[in-house]
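Subject: Structure handover

Hello,

Here is the structure for your files. My notes on it follow below.

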Protein chains: 2
Amino acid sequence: MSAPKTDSQQQILALLKQLNREISAQELYVELRRRSQSLGLATIYRALKALKLEGTIQTRTLSNGESFYSLAEAEQHYLTCLNCGKSILLENCPICQESAASREQEHFKIYYHILDFFGLCPSCQHQIHVES
Amino acid sequence: MSAPKTDSQQQILALLKQLNREISAQELYVELRRRSQSLGLATIYRALKALKLEGTIQTRTLSNGESFYSLAEAEQHYLTCLNCGKSILLENCPICQESAASREQEHFKIYYHILDFFGLCPSCQHQIHVES
DNA sequence: AATCATTTTGATAACGATTATCATTATTTT
DNA sequence: AAAATAATGATAATCGTTATCAAAATGATT
């Protein structure tokens, strides 16, 4: 869960903590640059990958292939529109009450939901240990 | 939920029913061709989009941007490895028992899970009605 | 300090799934 | 049958992400 972090990783982590919302890699690139902490895109993607494999941050990938990153602390429940792709963050939504979500957003027409557990499979846990 | 379907849509739907597993668009292209029911890739993507907007099929997008499609009937619960990207389908997993998932796959190291509701937001519901 | 080894970085090329384009073909309507 | 509409498919374009590789930074060793 914890590992020695590069400066880039720390910068990104600090920004994620401050923002307290999910953000894409491209947005991170712009935002860091705006704060005179410019990082190359490649570095950003690398840092995000490392933080993800540690379990420090979590990822959500939209159907257009764009990924959003946030701290792995808070649970996330979204209502996502299949057409425009926009997501509404559901506040205080106890996991597993899909009916609650329906009620909460009366006019949102829910087709289905997906619950996805993320982590490391046995062989990849081993592989990562060997690599480092 | 139901709408007039093109031949392409019906072909794809029939194949999804037969396979009873999630499959990517590219795989669909190969599989249909193997069955002498060749469809162009563009047509496949168009049909999938239409079926998705009807709520007939559901999509799951991996972090590499590749999307998988399946009938919207069954609930899906996965264990996905952050490193290799492979997903393990969890059978008979009552939604919202993340601890159950941990137990079920002892050696899978779970970092987090994401629950995502998919459907149409109010404005897109309206927009689609106007279009057609 | 100086040299060497290792790690990190960033500009850019390459990749790949998806979407847009547009002319052609099928289908429906009049 | 002619005209209008919808569907199709080959291919170009898009765009987020990953790979490449040389340069810069960091750390270790003498």
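First, a definition: two strands pair if DSSP finds at least two bridges between them. Helices (H or I, at least four residues) and strands (E, at least two) are DSSP runs, numbered from the N terminus. The model is predicted: local features need pLDDT of at least 70, side-chain atom pairs count only at pLDDT 80 or more, and totals for chains, interfaces and linings use all residues. Residues are numbered from 1 along each chain as its sequence is written, chains are lettered from A and ligands numbered from 1 in the order in which they are written, and side-chain values use heavy atoms, with hydrogens and water left out.

**The sheet**

In chain B, strand 4 (residues 77-81) and strand 5 run antiparallel and are joined by 3 bridges. B:Leu79 sits opposite B:Ile88, which belongs to strand 5 of chain B.

**DNA strand C**

A residue is near a strand if one of its heavy atoms lies within 4 Å of it. There are 15 residues around DNA strand C. A:Ser8, A:Thr43, A:Arg46, B:Tyr45 and B:Ser67 come nearest. Of the atoms of DNA strand C that come within 4 Å of the protein, sugar and phosphate account for 61%.

Polar contacts next (pairs of N or O atoms within 3.5 Å; within protein, one must be able to donate a hydrogen and the other to accept it, and residues adjacent in sequence count only if both atoms are side-chain atoms). The side chain of A:Ser8 has an N or O atom 2.2 Å from a phosphate oxygen of DNA strand C. For the side chain of B:Tyr45, the distance to a phosphate oxygen of DNA strand C is 2.3 Å. A:Arg46 goes to a base instead: a polar side-chain atom lies 2.5 Å from a base nitrogen of DNA strand C.

Helix 3 of chain A gives the largest share of this surface, 3 residues. The surface near DNA strand C divides into 5 nonpolar, 8 polar and 2 charged residues. Here Ala, Val, Leu, Ile, Met, Phe, Trp, Tyr, Cys and Pro count as nonpolar, Asp, Glu, Lys and Arg as charged, and the others, Gly among them, as polar.

**DNA strand D**

Around DNA strand D there are 16 residues. The nearest are A:Tyr45, A:Ser67, B:Ser8, B:Thr43 and B:Arg46. Sugar and phosphate make up 58% of the atoms of DNA strand D that come within 4 Å of the protein. A polar side-chain atom of B:Ser8 is 2.3 Å from a phosphate oxygen of DNA strand D. An N or O atom in the side chain of A:Tyr45 is 2.4 Å from a phosphate oxygen of DNA strand D. A:Ser67 uses a polar backbone atom, 2.8 Å from a phosphate oxygen of DNA strand D. This surface divides into 5 nonpolar, 8 polar and 3 charged residues.

**Single residues**

B:Ser67 lies in strand 3 (residues 67-71) of chain B. Is B:Ser67 buried or exposed? At 11% relative accessibility, B:Ser67 counts as buried. The cut-offs are under 20% relative accessible area for buried, over 50% for exposed and partly exposed in between (1.4 Å probe, protein chains only). The side chain of B:Ser67 makes a polar contact of 2.9 Å with the side chain of B:Thr61.

A:Ala47 belongs to helix 3 of chain A. A:Ala47 is buried, at 2% relative accessible area. Beyond its neighbours within four places in sequence, A:Ala47 is in contact (heavy atoms within 4.5 Å) with A:Ser8, A:Gln9 and A:Ile12.

Most residues other than glycine have a negative phi. A:Ser36 has a positive phi of about 55 degrees. A:Ser36 is in the loop between helix 2 and helix 3 of chain A, and is exposed at 69% relative accessible area. Phi of B:Ser36 is also positive, near 55 degrees.

Best wishes
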